Amino acid sequence: LAQSAAMAFAMLSCLLLALCVPAAARSPRRPAAARSRRASLLAMQTAGAGGEADSVAARLETDGVLSGLTAEEARLVCWLASEEMGQAHLFAGWSAAAPDDKRRLLRQVAEMDARYPEDAAGARGLAAYVSHARTLLAESAADLNPFDGYTVSVPRDGERMEVGTASFRADEARGGAMLKDTVFVLVAGGLGERLGFDGIKVALPAETLSGATFLEIYCTALRAIEEREGGRKAPLVIMTSEDTHALTEALLLEHGYYGLQPSQVHLLRQANVPALGSNAAAFVASEEDPFTLLTKPHGHGDVHTLLHGSGLLPAFAAEGRSHVVFFQDTNVLAFKAIPAALGVSERLGLAMNSLAVPRAAGEAAGAICRLQPPAGDGLVMNVEYNQLDALLRSTGGAGDEADGSGYSPYPGNVNTLVVA
């Protein structure tokens, strides 16, 4: 209720931050050689063989850990136990374990390794995941400022929109005409466990009176767009996770896709990654089954990788779709502002537009800031709330404090993006 009340107030004076990204400024794709996939984990382990690999293999063989495994499976165990991966703790008690149990864990690892996406440097797989995690965890433990040396300021190139004003209505009308050419992407990889709900968040009731779920509200909005636009179908892409995919699919089937056609709804499943139990990025096995790793969804950013690899974007472009709107699983008021956000994007010719709302000082919500490095171009981006106050103070500011409006001058990020 508190969140709904805050969002309702925020939408009454919604702030649309127009992030102008000229098309010419978009980064070119890296050469094919740089984009090539990392060699398989077995080939990588073999290439990195030598003293350490031989020593690890000998120790594991002596301890009986490799008993009953094929040569390829043994190499996978040695790779996991290597200094690079640091997962030798997973093999405690394996000398007496059945080979089929060992293979269950190894299959899970191999599948996650194959699905982990490529990063900007071309690294991929669980080796990249562990390396990134250790770096981030070490920086966090050392309380390092990732934006050290940056100057922080309030974005000044945004559009502040007041609901009911002539300018808002004009942008809303302009954006309303664009809805027929818009693709809607729902990020729904999380469970409702933090909300005390034993299920997926999109199945939570969004309305007290009707009991309509979040997913039902979103599908109803898309049906209204179709009716307004003479029946042209509004594509809905839903990013699920291994935790939510089957439940989301079942919810749609149970309710007949809430009136949408199954062909216009596309589910993209996000791969889970191992849960980490220490700053050394140690994988965690289940207490109930030591041959199964605990896993979690990788993060919202996977939606872009999944879209890119799905083949859907060229198909949408061929249909004449001009914009993609990303919205979150429990932000039911987003559709109140999306038409105006589309209108702003069209009026200003933006490649990307981010929706934000008034934010109380110190509120546990990401903040939209402009960051200027000592050299080079600045950027407008989200800064997490647990980093914002320290960042402002480190640059000589007073911290995250309210201005004359009673709110923080740094607006709250609601993760609703409009991309041309």
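Strand 10, residues 352-357, is mostly covered, with 5 of its 6 residues buried. This is a predicted model. The protein chain has 420 residues, and 43% of them count as buried. Its secondary structure comes to 14 helices and 13 strands. Among contacts between residues at least 6 apart in sequence, 73% join residues at least 24 apart.

- Strand 10 pairs with strand 13 in the antiparallel sense, over 6 bridges.
- N413 has 15% relative accessibility. Buried means under 20%, so N413 counts as buried.
- A polar atom of the N413 side chain lies 3.0 Å from the backbone nitrogen of N415.
- Beyond its neighbours within four places in sequence, N413 is in contact with S354, L355, G366, I368 and N382.

- In strand 5, L236, I238 and T240 point one way. V237, M239 and S241 point the other way, and all of these residues are buried.
- Strand 4, residues 182-187, pairs with strand 5 in the parallel sense over 4 bridges.
- V185 stands opposite V237 of strand 5.
- From strand 4 the chain crosses through helix 9 to strand 5, and this β-α-β crossover is right-handed.
- Strand 5 also pairs with strand 6, residues 265-270, in the parallel sense over 6 bridges.
- Here M239 stands opposite L268 of strand 6.
- From strand 5 the chain crosses through helix 10, residues 245-254, to strand 6, and this β-α-β crossover is right-handed.

**Helix 9**

- Helix 9 has 15 residues. From its first C-alpha to its last it reaches 21 Å, close to the 21 Å expected at 1.5 Å a residue.
- An α-helix has 3.6 residues a turn, so residues three or four places apart point the same way.
- The buried residues of helix 9 are F214, L215, I217, Y218, C219, A221, L222, I225 and E226.
- What covers these buried residues includes strand 4, strand 5, helix 10, strand 9 (323-328) and helix 13.
- G230 follows helix 9, and its phi is positive, near 75°.

**Helix 13**

- Helix 13 runs over residues 334-348. Its 15 residues reach 21 Å from first C-alpha to last, close to the 21 Å expected at 1.5 Å a residue.
- This helix is mostly covered, with 11 of its 15 residues buried.
- The buried residues include A334, F335, A337, I338 and P339. A340, A341, L342, G343, V344 and S345 are buried too.
- G349 follows helix 13, and its phi is positive, near 65°.

**The nonpolar cores**

- The largest nonpolar core has 33 residues. V77, L80, W94 and F283 touch the most other members.
- Helix 4 (51-62), helix 5 (71-81), helix 6 (99-115) and helix 7 (125-141) each supply at least two residues of this core.
- Helix 5 gives the most, with 7 residues.
- Leaving aside neighbours within four places in sequence, F283 is in contact with residues including L80, M85, Q87, H89, L90 and L126. Its contacts also include Y129, V130, P274, A275, L276 and L293.
- Another core, of 32 residues, lies apart from this one, and among its members are L179, Y218, L260 and F335.

**S82, between two helices**

- S82 sits in the loop between helix 5 and helix 6.
- Its relative accessibility is 10%. The cut-off for buried is under 20%, so S82 counts as buried.
- A polar atom of the S82 side chain lies 2.6 Å from the backbone oxygen of W79.

Definitions and conventions. Residues are numbered from 1 along each chain as its sequence is written. This is a predicted model: local features need pLDDT of at least 70, side-chain atom pairs count only at pLDDT 80 or more; totals for chains, interfaces and linings use all residues. Side-chain values use heavy atoms; hydrogens and water are left out. Buried means under 20% relative accessible area, exposed over 50%, partly exposed in between (1.4 Å probe, protein chains only). A polar contact is a pair of N or O atoms within 3.5 Å; within protein, one must be able to donate a hydrogen and the other to accept it, and residues adjacent in sequence count only if both atoms are side-chain atoms. Contact means heavy atoms within 4.5 Å. The expected span of a helix is 1.5 Å times one less than its number of residues. Two strands pair if DSSP finds at least two bridges between them. A crossover is right-handed if, with the strands pointing away from the viewer, the path from the first strand over the helix to the second runs clockwise. A nonpolar core is a set of buried Ala, Val, Leu, Ile, Met, Phe, Trp, Tyr and Cys residues joined through side-chain atoms within 4.5 Å.
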